[in-house]
Amino acid sequence: MSVLLLLISALVLIYLGIGGTTAAAAMSLATVVGLFQDEWHLISILCGGVLLALALILVIPGDLRLDKLSRPLLGWVRSRLPKLSDTEAEALKSGSVDWDGELFSGKPKWNKLLDAKPAHLTSEEQAFLDGPVEKLCAMLDDWKITHEQYDLPDKVWKFIRENGFFGLVIPKEDGGLGFSNTAHSEIVMKISTRSVSAAVTVMVPNSLGPGELLMHYGTDEQKQHYLPRLAGGDEIPCFALTSPVAGSDAGAIPDKGIVCKGKWNGKEVLGLKVTWNKRYITLAPVATLIGLAIKVYDPDKLLGDSDEIGVTCVLVPKDTDGVNAGARHLPMNTVFMNGPTWGNDVFIPMEQVIGGQDMLGKGWTMLLECLSIGRSISLPALGTGAGKVASLATGSYAYTREQFGRTISQFEGVQEALEPIAGYTYMMDAARLLTSGMLDRGVRPSVPSAVLKYRNTDLMREVINHAMDVVAGRGVITGPRNFLARAYQAVPIGITVEGANILTRSLMIFGQGSIRCHPFIVEEIEAAGMEDEDKAAKKFDGIFYRHLAHTTRNALRALLLGLTRGWAESVPRQGNIKSSYRQLARFSAAFALMTDVTLLTVGGGLKARQRLSGRMADCLVQLYYATAVIKQWHEEGYPDDQRPLVEWCLKTCLRDLQSSMREAIINFPVPALRWPLRLLVFPLGATGLNGPDDKLGAQVAESIVKDTPVRQRISRGAYTTMDPEDPLGRVLNAYKLANETADMRSRLHDAMRNRDEDELGGIDLLMGHQRKELVDWACAQGVVKADECDKLLEALEALYDVIRVDAFDADGLKALSRCAKGKRKVVERPPREEK
């Protein structure tokens, strides 16, 4: 009994995170007590002595622990820590840690999530959304843009320039609108619900581009010259990072700048001779100012003793001699300007280096800092916008489309598809707002930006695919009536650009997050990298044992919370979702434990264990999105009508989190650790988290079918119109009329079912062109009142018009072909001779 009590007391002390001195005193007391307990007191003394020794390690002063324990441990840890390239080391220094760090801690502080300042819009920003953004959306005809003009109309380009769309985030003192990151996200999202081509055109200059880089790193002269011109649209920017061979890997960039002297505006100045070959560059065909990421070399030692200076960001005016751009790529039938740019030995002065000569070699850090902002806004906003359009249009279509005498939204098979459309859209929106709120607080969320980019574009694919299943034939026929085709075609673009999802999931999210967000690893890496062995050992000595206690505590938390299903955890009461809080706390502890075990055993081999890294990334994704949903519900005051959505999202995240964690454990690359990890994380087995049941799923599916505030909440921020000539407006108008005439149509259907065989005089209900005759019969029979007849006919006309698709005769198809004639060619810069 004394042994058991001793062990329990030790575990409780570690679990509670008691300090070393207190722990040592408690262990001493437990050992003394063990002397007088029972016949097993010798074992008690032995166990107590071991635990006492471990506790004393934490409090022994002087060089004894340092020399005999810490120095050898430092050597061992050096062999286990991942080896970082220069670009990876810079990545760790970039960005900042916020809520993501809490998820890695194993014991999230829920008040930090709930009390954080939320995303919000100022009255000025809301007025811009209601004014210029609404007007811009109304100007966009996506069919004409993508199939006839292959570009935005001139009047749209002019409107975008004149209304400051290229300067959304540039400060007012520099000529921009000075909007928040949340406003930027809302604007891009709303435009994307109308036209992906227009949304990309607006978002790129405001995310990763010369403007963002100049705002944070530009010299005063550069800011004064370029920012007002960029904000007013006098300069159209692009930023060229991707190379044909290297992709977006900064470490492998072949594009270079050689430090030399040359002529600029008639004077000989110090500068760079730049050679580059980039592709997939958005706005490159129309850009007047090209931003480049290159590697700078100084073979003549004009700047110092180093030959290689490193990755650098520069600005090259389009009209500089030797600059080539103008040809276009056509990304999946979206027609935003995208194409290659290249140049050979193009001379620019040092004043064209972003930040000036002092920023040579610091380009990768600059890019990482700004990328964490751009990736948190642009593509996540596009993904959320696609979800909102799919929810709005598909829910409306499912209600207006009838089969076998009832709306298809009543079919369980259709509900199965509507359910994730609604749930995932709510989830995407919550994660988008959580992250934009971080940005507005000054956080540079490098890990959440990767999480958000990966997951929102992945959920965009899920949602659009489900929407296409519901809409079926109505969604696969190309033409101006199709309201889903462009979003469907744009899915691979979001999946691919700004870090392909395979790369982001399998390498970036957990690979970067496990180190960047860990409370101790970064300091341990710094200690291991110090050249002064004494300083390194002392720094390591002050960190490692706290890390050891952290890992032990999370192992105990994972076990205890697994045994009690989280009931041992104190959680917030708001919202009456304590069970979800408890499970999230449990899996946060398990995730933190798995992170430490992975870094300890796999170490530098993590890059090659991409399946493990990907599954751990999935765990972090589910933790992040579940807590984002909680945060969003909290900010909206816990409205009860959103509860089914919230519960669906939490149950879905927890189910997928459990599955990813289980897969990570049963496939862990060190087989001997699989069973211990399973016992710690799943002591009662991986059961109990089965996801939403059918009843909850039906409620969530109904949330985008019924005309309620919840449907409006899900689609909030999307552009809407009731114009029956508009592809989306046609569906929404029919939905409105279907709701207004629901009682009339119900009476009509009942009358039809109960009619005599020849009562209609030959009118066939299945013939859509006999709607007028059908309404006339209903009026004559008194099925509908005289003052209802016109409304009923209007509704039946609209309901039939919704299911119609476009058809082209031979001349029509030839006309479409002529629109594209002469515009297709392959342009690649000819390979230059190696010098």
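Helices here are DSSP runs of H or I with at least four residues, and strands are runs of E with at least two, both numbered from the N terminus. What I am showing is a predicted model, in which local features need pLDDT of at least 70 and side-chain atom pairs count only at pLDDT 80 or more, while totals for chains, interfaces and linings use all residues. Residues are numbered from 1 along each chain as its sequence is written, and side-chain values use heavy atoms, with hydrogens and water left out.

The chain holds 33 helices and 9 strands, and of its 835 residues 56% are buried, where buried means under 20% relative accessible area, exposed over 50%, and partly exposed in between, with a 1.4 Å probe and protein chains only.

Let me turn to strand β7, residues 338-349, which is largely enclosed by the rest of the structure because 10 of its 12 residues are buried. Strand β3, residues 267-282, runs antiparallel to β7 and is joined to it by 9 bridges, and Gly271 has Pro349 of β7 as its bridge partner. Strand β6, residues 323-325, also pairs with β7 in the antiparallel sense, over 3 bridges, pairing being called when DSSP finds at least two bridges between two strands. Asn324 stands opposite Trp342 in β7.

Val476 is exposed, its relative accessible area being 56%.

Finally, on contacts, meaning heavy atoms within 4.5 Å: of those in the chain between residues at least 6 apart in sequence, 77% join residues at least 24 apart.
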